[in-house]
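Have the viewer open and follow along.

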Amino acid sequence: MNGYLPIVMFLLVAGTLGIVVMFAGVIVRPKKYEKVKFSVYECGMPPLDENRKRLNVRFYIIAMLFVIFDVETVFLFPWAVSFDMIGLFGLIEMILFLVILVFGYFYAWQKGALEWD
Amino acid sequence: MTPQAIMNLLSIYPEVIMTMFGLILVVLDVMTKNEKKSMVGYFGIAFLVITVLIAWPPVGKKFLGFGNMVMWDSYSFVFFFIFAIAYSLTTLGSVSYLKENGILKGEFYTIMFFSVVGMMFMVSAYDLTVFYAGMETMAISMYILAGFNKKCARSSEAGIKYFIIGAFSSGIFLYGLTFVYGATGSMNYLEIAAALKGGAASTTTFKFGLVLMLAGFAFKISAVPFHMWAPDVYQGAPTPSAGFMTVAPKAAAMGALIRFCWIALEPVGNMLALFFGILAVITMTYGNLVALAQNNVKRMLAYSAIAHAGFMLMGLVSMNPEGYQSVALYAIIYAFMNIGAFTLLGVVKNKGMIDDERLESFAGLSKTNPMYALGMLIFMFSLAGIPPLAGFIGKFQVIMATMKAELYWLAIIGGLNSALACYYYMRVTIYMYFKEPEYEVDATVSRSAFITSFIGAVMVILIGFFPTFFVNLVKTLLV
Amino acid sequence: MNAILANIGFWVLGITAVVSALFLVTRENPVHSALWMLLTFFCVAGIFVQLDAEFIAAIQVMVYAGAILVLYMFVVMLLNPKSKGFIKMPFKVILGGIVSFIVFLQIIMTLMGADIIKTTKLTGINDPNQLGNVKLFCIDLFTKYIVPFEIVSIMLLVAMIGAIVIAKKD
């Protein structure tokens, strides 16, 4: 626990600094409100439409594959940490784990899930 | 190889073989052409047959490996056999349905195959971590199977509903698990039992955790009051996957629950009997009463699936070997009759403006398609538990086990419920045999649907007429 | 001194987590909800650190604050949901509220009188001279819990195939 004290201090300082700066701005800055100031800035043009458009569903596959491989990395991380203790047994185990997932990678690749079209 | 290593391998080899076959299926799916995707399913059946033959256990032998985590014995095998039946029947019957709906993809079979692996782990688990990992594998596969027809809004709705409720129930289950772990200090069934004998059973922590865990289980077997998802999901899902989903995951959850109660919760068995008794009564009665009011046969079968889950729970209440033998037998019979019924349901196409599965579609089918009507009649009679057919044997065995445990009130309620259930199953046959056709209905049974329903009907009749053989078979396997 | 610090830390993190979770479910703009969710995740990660579960804290940040939040944002952008206000169903809301409140009370009661066994499996957790906490956890994960670990890879494979088959245009 003690090792985290510097981090806590750091977070405290950072947080305080942020809040102080923000409130200092509120107190110090001149306040002149205009309608144009609150409009959305779009290259100096008046905005044509909302900026939030529906994305293509392809992004979803990419995001989903990212999550799955991310979870895989979560298991690689502790394996790397404890590798000196578990040795060959752990190596074989991790190879099995990865082989099963490589089949999934192979599948995604062959089905064209990694391509944009 | 030390004896320990051999034991480890023996305790897990069917699952290992199944996983390797599943990976081969993934490759096969990539390699086959689009119009030949049913090959993947047929290969899956072949692989299952091979695994069943390899994995046939010596009766009475128990292989417990990996630090008492996984068990391969005849109990696991019987449930594996049920999943294999469900997979094979569903695959055989699904081809034409999937083709007509434009969703004949190899993934359907691959995912179903991997769900079987998950279910095997569930049933053979001796440790809650293994159980939970297996359950999630099964559950994720089921979400995908429910939403497989992505062009159909109902199917997508079913998939999302199932996913949200499933994730929620998993969360409840895990939260309960943490409490049980906190109270007993272990996730291993044997160690939990030891801790309960040592006094952990009376702690509030344990009781609270157990209630949450059992609620999670109840979600999976769609026991009332945790059944809300079931009708919508079973109705919305593509018909073949609905057939599979009503049988295999339920059998798996039942098998795992029995093992968990029988081994880990053995010291608190008496406390549980009442809990499961009440759950069984509510589930049966509610499922049957609501099924009475349904005009859509698929939705009616969904509610009847809830009622059947309640009936299977009855076998759990008796807490004797007859109880779980009867549950296993019931699950086998239920696999044959329910997947058969769902397969036949999938071929009905109403050319009028109403849903294919409406009761009116079935009016007068005995005149336009007598073979179809006969098949449906057999399944409906069996589901209702009319004496010469298999459904009766299943119900009879469950009620006998309850009687043996001297739970007469439960046996009586069970009997009354099966009488109640007759009404809505009979309604389908009455529509088929005594009503005039209202709409133009096409119920041509395709070859693949014919094979499944034929096997189902033959097995239903065989088990019905020669019950002693099958009952003894299950009994010798589940000593 | 240390105990007091830890206590303050817990309360700050806990209250922030609960408050930001409340904001998460009440915001009308889903993007704002996502940002509150991020704060909740970080606070929970902080609590895990306090419980000497650094590995889980790391996962919390990596998977939840990283991957899951990205996925969440993608879904928001895919669907572009417009808030239609709250759907009115007072009876169900009240019933649900009562049930949740009872369960909440029950959890509190259980935790107040909790008789949790201090598991001795991970020996030396608080002993700086021995192996680190993460390392002990990892050794257990890769030796004792090898079977669930391998099942997870099957589960991930199924999830991958499923995601592709559901989302891919054909």
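## A helix pair, then the chain contacts

Start in chain B, where two helices meet: from H16(B), the residues B:Lys395, B:Val398, B:Ile399, B:Thr402 and B:Met403 touch B:Tyr408, B:Leu410, B:Ala411, B:Gly414, B:Gly415 and B:Ser418 of H17(B). Sorted by class, this contact between H16(B) and H17(B) has six nonpolar, four polar and one charged residues. Keep in mind that what you're looking at is a predicted model.

How do the two helices sit against each other? H16 covers residues 390–404 of chain B and H17 covers residues 408–434 of chain B; their axes come within 8 Å and cross at roughly 160°. An angle over 145 degrees counts as roughly antiparallel, and so that is the label for H16(B) and H17(B). As for handedness, the crossing of H16(B) and H17(B) is left-handed.

Stay with chain B, but turn to the side where it touches chain C. Here 32 residues of chain B are in contact with 23 residues of chain C. On the chain B side, at least two residues each come from helix H1 (3–31), helix H4 (106–124), helix H5 (128–146), helix H6 (153–184) and helix H8 (204–220) of chain B. The top contributor to that side is H5(B), with nine residues. By class, the side of chain B that touches chain C splits into 14 nonpolar, 14 polar and four charged residues.

Now hop over to chain C itself. Its domain assignment gives domain 1 (1–111) and domain 2 (132–170). The C-alpha centres of these two domains of chain C are 24 Å apart.

Chain C also touches chain A, in a contact that takes 39 residues from chain C and 38 residues from chain A. On the chain C side, the elements giving two or more residues are helix H1 (2–26), helix H3 (54–79), helix H5 (133–143) and helix H6 (146–167) of chain C. H6(C) gives the most to this side, with 13 residues. The class breakdown for the side of chain C that touches chain A is 30 nonpolar, six polar and three charged residues.

Finally, a word on confidence in chain A. Its mean pLDDT is 84, and 92% of its residues reach 70 or more. Among the elements of chain A, helix H2 (residues 58–81) has the lowest mean pLDDT, 86, while helix H3 (residues 83–110) has the highest, 91. As a rule, where pLDDT is low, the predicted coordinates should not be read in detail.

Key:
Residues are numbered from 1 along each chain as its sequence is written. Chains are lettered from A and ligands numbered from 1 in the order in which they are written. This is a predicted model: local features need pLDDT of at least 70, side-chain atom pairs count only at pLDDT 80 or more; totals for chains, interfaces and linings use all residues. Two residues are in contact if their C-beta atoms, placed from the backbone, lie within 7 Å. Helices (H or I, at least four residues) and strands (E, at least two) are DSSP runs, numbered from the N terminus. Ala, Val, Leu, Ile, Met, Phe, Trp, Tyr, Cys and Pro count as nonpolar, Asp, Glu, Lys and Arg as charged, and the others, Gly among them, as polar. Domain bounds come from an automatic or database domain assignment. Axes are lines fitted to C-alpha atoms, for helices over the stretch in contact, and angles run from 0 to 180 degrees between N-to-C directions. Angles under 35 degrees count as roughly parallel, over 145 as roughly antiparallel, 65 to 115 as roughly perpendicular and the rest as oblique. A crossing is left-handed if the near helix is turned anticlockwise from the far one by less than a right angle, and right-handed if clockwise. pLDDT is the predictor's confidence in each residue, from 0 to 100.
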